[in-house]
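The points below may be read alongside the sequence and the coordinates.

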Amino acid sequence: MASVDTDSFVEKMEEKFHDNNSDSESYSDSDDDHANRPPLKASGSNVYRLFGREQPVHKVLGGGKPADILLWRNRRTTGIALGAGTAVWVFFQMMEYHLITFICHLLIMFLGALFLWSNASVFIHKSPLHIPHVVIPEDCVLEAASAIRIEINRAFVLLREIGTGRDLKKFLSVIAVLWVISVIGGWFHFLTLFYLFYLSLFTLPLLYEKYEDQVDAMGEKAMIELKKQYAVFDAKVLSQIPIAGLKKD
């Protein structure tokens, strides 16, 4: 009886030993498979970004507080700015108030109140209001004027290139953009169009940052398709137009 128990005990130990060996082999195989896997590709290598962007959206928007407001990093400030713009738009739309008239009426009330208080303070024995002396720094004006001058010169260069008739692609692009703007401008009033632009500043950057990869992928497909269509249009139409000094891409 004792020998039978001993044999069964030995058989159990052998089975357990074989099970341990099989488990260790499976673990070693899985480790080998993991080691032999190809390395992951870097997420930022050869990735298409809209408009050739190489920096994060926050830095593209200038960084700092303005970018924080547009990307809803400071929700309270963003809500105040968006709410104030919406309130102004609703006020002008509901009251049918014109912007220039509104500004002039505000100035009339403000200057009238200051004038009356300055004269009435003598009779009621109150100290007159201290109106600060506001001066615009010369450096800020020069920097702004320099930046505007650079952009205007770029526009003049673009208009000159288009006017000389040497770049048909750029000419057609500008004409298409101006036509789209004219159509959109016909749908809305200037104030509504400005408000839509203002609203897009608080929505489009946020949505693009949130769905960046998906938007870039769709943008890449759209650019490939546009280039294909332009190549067909160029081969069938543009190349048949005799223009002196036509620039080819």
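**Points on the predicted helical model**

1. The span of residues 75–92 is 100% helix and 0% strand, and its end C-alpha atoms lie 26 Å apart. The coordinates come from a predicted model. In an unreviewed entry, UniProt lists residues 75–92, 98–117 and 171–198 under "transmembrane region".

2. How confident is the prediction across the protein chain? The average pLDDT is 75, and 78% of the residues score at least 70. Confidence is highest in α8, at 88, and lowest in helix α1 (residues 2–36), where the mean is 43.

3. Two stretches call for caution. Where pLDDT is low, the predicted coordinates should not be read in detail.

4. Helix α4 (residues 75–95) packs with helix α8 (residues 190–210) at an angle of about 165°, and their axes are 11 Å apart. An angle over 145 degrees counts as roughly antiparallel, so α4 is roughly antiparallel to α8. The crossing in which α4 passes α8 is left-handed.

5. Which residues make the contact between α4 and α8? From α4 come T78, A81, L82, G85, T86, W89, F92 and Q93; α8 supplies L191, T192, Y195, Y198, L199 and F202. By class, nine residues in the contact of α4 with α8 are nonpolar and five are polar, with no charged residues.

6. Helix α8 also packs with helix α9 (residues 212–236), at an angle of about 95° and with the axes 5 Å apart. Angles of 65 to 115 degrees count as roughly perpendicular, so α8 is roughly perpendicular to α9. Here Y208, E209 and K210 in α8 meet E212, V215 and D216 in α9. By class, this contact of α8 with α9 has four charged residues, two nonpolar and no polar ones.

7. A further pair is formed by helix α6 (residues 138–163) and helix α7 (residues 168–187), whose axes come within 8 Å and cross at roughly 115°. The crossing of α6 and α7 is left-handed. L158, E161 and I162 of α6 make the contact with K170, F171 and V174 of α7. By class, the contact of α6 with α7 contains four nonpolar and two charged residues, and no polar ones.

Notes. Residues numbered from 1 in each chain as written. Predicted model: local features only at pLDDT ≥ 70, side-chain atom pairs only at ≥ 80, totals over all residues. Heavy atoms only, no water. Axes fitted to C-alpha atoms, helices over the stretch in contact; angles between N-to-C directions. Helix = DSSP H or I, 4+ residues; strand = E, 2+ residues; numbered from the N terminus. Parallel < 35°, antiparallel > 145°, perpendicular 65-115°, else oblique. Left-handed = near helix turned anticlockwise from the far one by under 90°. Contact = heavy atoms within 4.5 Å. Nonpolar A, V, L, I, M, F, W, Y, C, P; charged D, E, K, R; others polar. pLDDT = per-residue confidence, 0-100. UniProt positions renumbered as here; feature names shortened; annotations may be inferred.
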